[in-house]
Structures are given as structure tokens and as C-alpha cells.
Amino acid sequence: MINEVLKQILRLVLLLFIQVLIINNINLSPYVNPYIYVLLIMMMRVNVPKAQSLLIGFGLGMLMDVFSSTVGIHTFATTLVGYIRPRFLALSLNKEDFDGNIEPNIANKGFVWFFTYAASIIFIHSLALFFLEVYSMKEFFATMQRVLYSTGVTLMMIVLGQFLFFTVKPSHD
Amino acid sequence: MRNIIVFIYKYYVFLLFFLLEFFSLYLIYQYNTYQRASFINFSNGVSGNVFNTVANFKSYFRLRQINDSLQLENARLRSELFTSYYNNEIRDFKVNDTIYKQQYTYIAAKVLNNSVNRRNNYLTLNRGRIHGVKQQMGVICDNGVVGIVMGVSDRFCTVLSLLNSNAKISAKIADNNAFGSLIWDGDDPTICRLLDVNKHVEVENGKRIVTSGFSTIFPENIPIGEVYTHSLEAGDNFHTIKVKLATGFVNLTSVYIINNFYKEEMDSLEIEAQTRLTDDK
């Protein structure tokens, strides 16, 4: 248990470090802003209680807001992800996964499942984040472009990161 | 009563979700409508220290460019020195303090954090309340306008960059004094748009755009950029002018915060006039 908490804190510090000090400084284009810190919520074990998942989302968003001089926008987006994640897992995982309390990563669930999971979470997160940042519907199509391109790049980074840290078994689907 | 407790127990996750989202929406709404920066003041103190450490490391990689720009600025300042003018007058004269009172002073600051690729961009500087920085002060660099101070903590401040959907700066064309307001479209961090320039005004590519001096934030004639492209749509009363910015936001390192001594006097006068007008109605 203590190990698990320590592991999460270490992950949080590492992800924030990469996000704030490295990725936020890469000015690829106004349309591409990868936000990989959402990985922290994605990678929590599947039996984490719903309320805890919400609160972790809320706290993570607050931290991110502090480091990007914004108010509330990251908080809203991550809380939303914290709410949706347990519902997505309940729909798409089977009983053994919950009994084993697995970590939903690419090694445990395979490429196809993880790709769908990551894509949905990142898309919802980006959608909330970018529309709240602009705070108007006037530039709908420009904002939508922002959402799609950023989702794509974030997804690529996260999936490649999974291949880096886990050995993927041959697909059993 | 018992039913309510059962209800809360059954749906507490959803209620918690609702509560947290409502709280963050409240923050966003409050911030966007009133430009209140109390939360930012608080968060500055936290993140400022981290950005300060990183900026210290990063500044080593830019020493050569910083040196070059400082040298250029020194040369410019030296040429404006009193001693570098040839004095044509026979009698010497003294500058009388009762006529020339200093209106603006400049606080030098270092950029700790900056972004150009979001829709709403902000900067963090290493100057704060103890250095005399207040909200709504203008920020410029060697080349041109940078933004407006938004949140202040003891040792840091955040600046609303010109590259922000909430930034609107009063600007004019230097030659003919036609004024308008400058906004950013969110595409290119080197291009802004000048609105409200009437169609009878002549506009040419390459003409200089400067601050108008109508606000209490920036002095007059601070450079902003030059006209990049301009066009006049059929049936439109105003020019569509794109402005190439003089400020290089991508590698901004040192800036100046402008302190206007008469700002409060001017602002309170304007507010007084406005309230009197509404009272009369």
C-alpha cells in the first residue's frame, strides 16, 4: 500500500517535471499542445474507488493550473477525466481484470485496448481544456483543430512511452 | 430524512463530481468576467520559485544573444545622452524641475516562464510587490510592447501577453496618427491585427505602428510593429490590417515594467467622470 502511494507520488513529480519544464517549452505550433500529465489518472489501478479517482483528478488539475498561470481550466478537464475513467473501465474490462486489480497499461491489455482507452480519455480531456481556454464558441473550427491535433500528438507520445517502459506480449485478441 | 441520507450515499460520487466541476467553473467564470487575479497572486508564489531555478539554468545558453542585444541598447542609449548632442545654444540652460516632472520609470525584469503556442499566453517575471510592481502596469522589451501585468506576488508577477485573447492594446499608425485597437488571432505569434482604422485613412505596407498613449498603461510612441499586409473589403468601413510584431515573443529574456506616476490620478478622474455620467441618466 505504502509502496503504491510512493510510486504514484514519484510518477506525479516525474510527469509534472516533463510536462512543465520540457513539453510546455517546445513550441511546435499554436495548434499542437501535448498534455501528457493526464497519464497519471489513466495509469491508476482499476479498483481505485470512484471518489478517490475524482479527487486525484481535481488535485492534479489544480497543480497544473498553478504551473500554467491559468485558473480552473485544467481542474475542470482532469476532474471530468477522473469521473469518466471508472465508467470506461467498467464497460470495457472483464471480471479477472478487476479481481487482479491490474494497472491498465499496454502490457496487461494489449495495443488495441490501450489505444482506444488512451484516445478516448485524451480526447475528452483536450476537448474540455481547449474550449474552456478559449472560453467562447466564436473560433469553433480553430479550437476544434487544436483539440484534434493535440489529441493526436499526445496519444502518440503516450503510446510510444508505453512501448518504452513495458514489454508487449503478442496480441491475444 | 432517512431517504435523503440514502440518496446522498447512493449518488455521492456524482454529487462530488458535480461539486468539484461547479467549483472549477466558478473559478473560470469569476476570472474571465472580472479579471480578478487573486488566485493567480497565490499561485505565483508557488510556481515562481520553480521557474526561477529553471530560468537560471537556461540563461547560460543565451548569454551571447543577451550580450548582443544589451550592447545594441547601450549604443542607442549612449547616442541619446545629453553629451552626445552638439549644443548650438550660446547660453547654457538648466532643466527646471517644476516644468519637467518624471512621469514614467522602468523596472528591469527577467522572463522566467513564457509561452507562445496557446490561445491565451502568459509570462512570469522575477519582479513583484517588493520591487514596486502593481497590477495593470505595462511591460515592454528593447524592441516593443510585451503585455500588461496581471497578478503580483511578493517576488514575482504574471503578465498577460499581447498573444492573449483578453489583450487589447490601443495603437496608432505613426505617420498619420490614425488609431485602432490591436488584437491577436491565435495563429502566428509574430502577427497581430489592427482593428477600427477608418477606410479614408491611407495605409501602406511597412508603416510603423506604435502605442497611442490613450491608456494609462503605455507611454506614447512605444513601437509595436509595422504593417505587414492590408486590405479593404467591399462594403467594409474599416481596413483589415495585419501587423508584423517588433517583439520576438519566442525568445524573450529581458523586459522592462513601466511605472506611471500619474496613473492613479488619471484613472480616478476617468472613473469619476463616468460615474457622474451614469448618475445624470
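This is a predicted model: local features need pLDDT of at least 70, side-chain atom pairs count only at pLDDT 80 or more; totals for chains, interfaces and linings use all residues.
Me: Which residue in strand 9 of chain B is the bridge partner of Ala171(B)?
Reply: In strand 9 of chain B, the partner of Ala171(B) is Thr211(B).

Me: Which residue in strand 10 of chain B is the bridge partner of Arg208(B)?
Reply: Strand 9 of chain B also pairs with strand 10 (residues 223-231) of chain B, in the antiparallel sense and over 3 bridges. Across this pairing, Arg208(B) has as its partner Glu226(B).

Me: In what order do the 6 strands of chain B close into a barrel?
Reply: The pairing around the barrel is antiparallel. From one strand to the next, the twist averages 45°. The barrel in chain B closes in the order 1-2-5-4-3-12.

Me: Which residue in strand 5 of chain B does Gly147(B) stand opposite?
Reply: Strand 4 (residues 145-152) of chain B runs antiparallel to strand 5 (residues 157-161) of chain B, and 5 bridges join the two. In strand 5 of chain B, the residue opposite Gly147(B) is Ser161(B).

Me: At roughly what angle do the axes of helix 3 of chain A and helix 4 of chain A cross?
Reply: Helix 3 of chain A meets helix 4 of chain A through residues including Leu54(A) and Phe58(A) on one side and Phe76(A) and Tyr83(A) on the other. Their axes (lines fitted to C-alpha atoms, for helices over the stretch in contact, with angles from 0 to 180 degrees between N-to-C directions) come within 7 Å and cross at roughly 160°. That makes the two helices roughly antiparallel (over 145 degrees; under 35 is roughly parallel, 65 to 115 roughly perpendicular and the rest oblique). The crossing angle is roughly 160°.

Me: How far apart are the axes of helix 4 of chain A and helix 6 of chain A?
Reply: These helices pack at an angle of about 155°. That angle makes helix 4 of chain A roughly antiparallel to helix 6 of chain A. Among the residues that meet are Phe88(A) of helix 4 and Trp113(A) of helix 6. The distance between the two axes is 9 Å.

Me: Within what distance do the axes of helix 6 of chain A and helix 7 (residues 140-165) of chain A come?
Reply: The two axes cross at roughly 150°. Helix 6 of chain A and helix 7 of chain A are therefore roughly antiparallel to each other. Residues that meet include Phe123(A) of helix 6 and Leu155(A) of helix 7. The axes come within 8 Å.

Me: How many residues does the contact take from chain B?
Reply: Chain A gives 28 residues to the contact (C-beta atoms, placed from the backbone, within 7 Å) with chain B. On the side of chain A, helix 3 (50-67), helix 4 (73-92) and helix 6 (106-134) each supply at least two residues. The number taken from chain B is 31.

Notes: Residues are numbered from 1 along each chain as its sequence is written. Chains are lettered from A and ligands numbered from 1 in the order in which they are written. Two residues are in contact if their C-beta atoms, placed from the backbone, lie within 7 Å. Helices (H or I, at least four residues) and strands (E, at least two) are DSSP runs, numbered from the N terminus. Two strands pair if DSSP finds at least two bridges between them.
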